[in-house]
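I opened the model and kept notes as I went. The entries follow the order of my look-ups.

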Amino acid sequence: MFELKSSFSPMGDQPQAIAKLQSGIQAGLKNQVLLGVTGSGKTFTMANIIRNLQMPALIISHNKTLAGQLYQEFRDFFPTNAVSYFVSYYDYYQPEAYIPATDTYIEKEADINEVIDKLRLQSTANILSRKDVIVVASVSCIYNIGSSEEYSNKVLPVHVGEYFDWKGMSAKLATMQYERSEFDFKRGTFRIRGSDIDVYPAYEDWAYRIASDDMKITSLSKIDPLSGKEFDKVSDSMRSIYIYPAKHYITNREGIDAALKQIREDMQVQYELFKSQGKLVEAERILRKVTYDLEMLKEVGYVNGIENYSRYFDGRKPGDPPYTLIDYFRSAYGDQFITFIDESHITVPQISGMFNGDRARKNTLIEFGFRLPSALDNRPMKFDEFYKSTSYLVYVSATPDEWEVKMAHQEAKAKNFTTHTGVVEQLIRPTGIIDPEVIIRPAKTEIPDLIKEVVKRVANGEKILVTTLTKKTAEDLTTYLKEREIRAEYLHSDIHTLERSDILDNLRKGNFDVLIGVNLLREGLDLPEVTLVAILDADKEGFLRSRTSLIQTMGRAARNINGVVILYADTVTNSMKQAVDEITRRRARQRKYNEDHGINPKNVYKPIRERIVELEEEQMVFDANRSINITASHVKTITADALTPYDRKRVIKKLEREMKKQAEAMNFELAIEMRDKIRELKSAV
């Protein structure tokens, strides 16, 4: 059962929003919109719907930062239930690509974050084993992760009292992608200790010890993976455990030979096609590439880029949709789960655009003989495939897009639904805070005026957000403010995902006062200490200064009773007018509600939550927080004998990424220092 833990009860617009959306799901409405202003408690509304309907939920966010925030909030609301986090597990990802204009082939390169990988595996294990599941995901949930059927077929049940064959169990674990490792006991490995087997599941923070005597399993217990100390016996009422595979992509060994045969046949077809077209270079390239891959697959069962052959191993036909996280939901719950699309005005277009971008890159690789046409089937879902695979969609946004509103209106009308029109508004905040006052000031004097406003608020211990049009402007303005002894930081897409969360936490902790960014300041950032949002160059029409973007950015000042928005503009654009008119409409309704109910607005303090994943940088022997902070002297302090083999690998990966950054920034001397240090560390392995 879902058990919602909170010291609050639904207030303001929340009770009517919860009731209307619930009635829509119960009536079978596929499309509904929750138009909720910033700070109105949309997350709490979603949590109440999940609890009341007792239905599993998939919550999709358009970026990792917001997904992480939602994950922590839902984990607080449902501490006894299975709240999971499913985002892309790459700290660094360079997809395979070919640039014909310069004849440049770029090999795939990736750096996987093991902790996020654990959380992804935990998500699918929860879905297959429990009914009280909430998964907070990024759009990576529409990418291929392998068949849920193959994954569930590989689950290993272990029961006290049953016959124990350690050789058979070892073989079974190997087919589940677990590795035997007697010395480096880490996630996804197992080891044999006398008559016992220790298994460290890839999705847990503990290991299991399977104890046996006289060819029978006598006990099951949880152990500390580091010390091997037993700390929790599996209770008598739970005398069984289920071990799930260490990887999502599980190949069926029986079908490998047939798959390799089909790959070879398709390679020959493509080879002959290139020859008939007079593309001899491409013909030779595809022959060499696939032949090498086939030999690797046959000998070691793996090759870099194996996902491009996934269709052969999955048993899918050309053009079939990929197996995704949503297939796990459908496999476990049928159509009885809810999909909430957070910040839908951004997330829906992102889901729609993933397929085309992926296909364009792969078409080039296929055309020039780097990949077989089957690579096209290792892809994200098309939007219509995603739409068909969901049963109940709730689009959540302060500024829903026209498509979402239209779909919700049309369905409610077609089904003669009377409870609401398909769109549910949640404009009243439980705190009574009304939308911020909006002031328009000249752009030509924006920087001097901004500094005056910043100084005034810093003196009161308040925080400020500034949004610019470019990354360069954000960085330059940060430097300019620091020169005037104003504590400022910038935030943009070049900063690592986990570091972004740290920067936001540091703002709230008071480590600095002004946060400057581009479009990352728009949706979902929960910063109640912010009293001023300054929008520079507000009259420059475009994506970052559209009606939707302006309303979302203004919303960052709506969590504090002293919130104010300043638009720096020399002319009032149509987008500015529409945004200001919408904020004015909301302010009027909010003010009237407060007057009618005798509410005095008040600020609500929100605690700073612990981070989902500890930054790797904290475990390094040098300061890798920013590329510019790393000097040759830092690099020289790294010594191979001071590092464990595991830490050595991590430092090498970090140095390789930083070396590329320094080379791109033309800091060649430092890049050479890093290259030499990498060679030194590798030679010590």
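Areas come from the Shrake-Rupley method with a 1.4 Å probe, and for residues only the protein chains shown count as cover. A salt bridge is a side-chain nitrogen of Lys or Arg within 4 Å of a carboxyl oxygen of Asp or Glu.

Ground rules. This is a predicted model, where local features need pLDDT of at least 70 and side-chain atom pairs count only at pLDDT 80 or more, while totals for chains, interfaces and linings use all residues. Residues are numbered from 1 along each chain as its sequence is written, and side-chain values use heavy atoms, with hydrogens and water left out.

Entry: surface. I found a nonpolar patch formed by Met 666, Phe 668 and Ile 672, with about 340 Å² of accessible area together. Ile 672 sits in helix H21 (residues 668-683). Helices (H or I, at least four residues) and strands (E, at least two) are DSSP runs, numbered from the N terminus. Ile 672 is partly exposed, at 41% relative accessible area. Buried means under 20%, exposed over 50%, and partly exposed in between (1.4 Å probe, protein chains only).

Entry: six-stranded sheet. I read the order of this open sheet as E20-E25-E24-E21-E23-E22, with parallel pairing. Two strands pair if DSSP finds at least two bridges between them. E20 (437-441) and E22 (488-491) are at the edges with a single partner strand each, so one side of each has no neighbour in the sheet. E22 runs parallel to E23 (residues 514-517), joined by four bridges. Tyr 490 has Ile 516 in E23 as its bridge partner. Helix H15 (residues 471-483) packs on the sheet and touches E21, E22 and E23, its direction making about 175° with that of E22. Contact means heavy atoms within 4.5 Å. Axes are lines fitted to C-alpha atoms, for helices over the stretch in contact, and angles run from 0 to 180 degrees between N-to-C directions.

Entry: Ala 557. Is Ala 557 buried or exposed? It is buried, with a relative accessible area of 0%. I placed Ala 557 in the loop between helix H17 (547-554) and E25. Its contacts include Pro 436, Val 533 and Val 565, leaving aside residues up to four places away in sequence.

Entry: seven-stranded sheet. This open sheet has the order E3-E8-E2-E17-E18-E1-E19, with parallel pairing. Its edge strands are E3 (82-86) and E19 (423-426), each pairing on one side only. E1 (residues 31-36) and E18 (residues 392-397) pair in the parallel sense over five bridges.

Entry: salt bridges. How many salt bridges does a search of the whole structure find? I got 42. Arg 589 bridges to Asp 13, with the closest N and O atoms 3.4 Å apart. Arg 589 lies in helix H18 (residues 574-597) and Asp 13 in the segment before helix H1 (14-26), so the pair ties together parts 576 residues apart in sequence. Asp 13 is buried at 6%, whereas Arg 589 is partly exposed at 35%. Glu 425 also forms a salt bridge with Arg 589, the closest N and O atoms being 3.1 Å apart. Salt bridges that share partners join Asp 13, Glu 425, Glu 582, Arg 585, Arg 586 and Arg 589 into one network.

Technical notes: Patches are made of residues with over 30% relative accessible area and no salt bridge: like charges are joined within 9 Å, nonpolar side chains (Val, Leu, Ile, Met, Phe, Trp, Tyr) within 5 Å.
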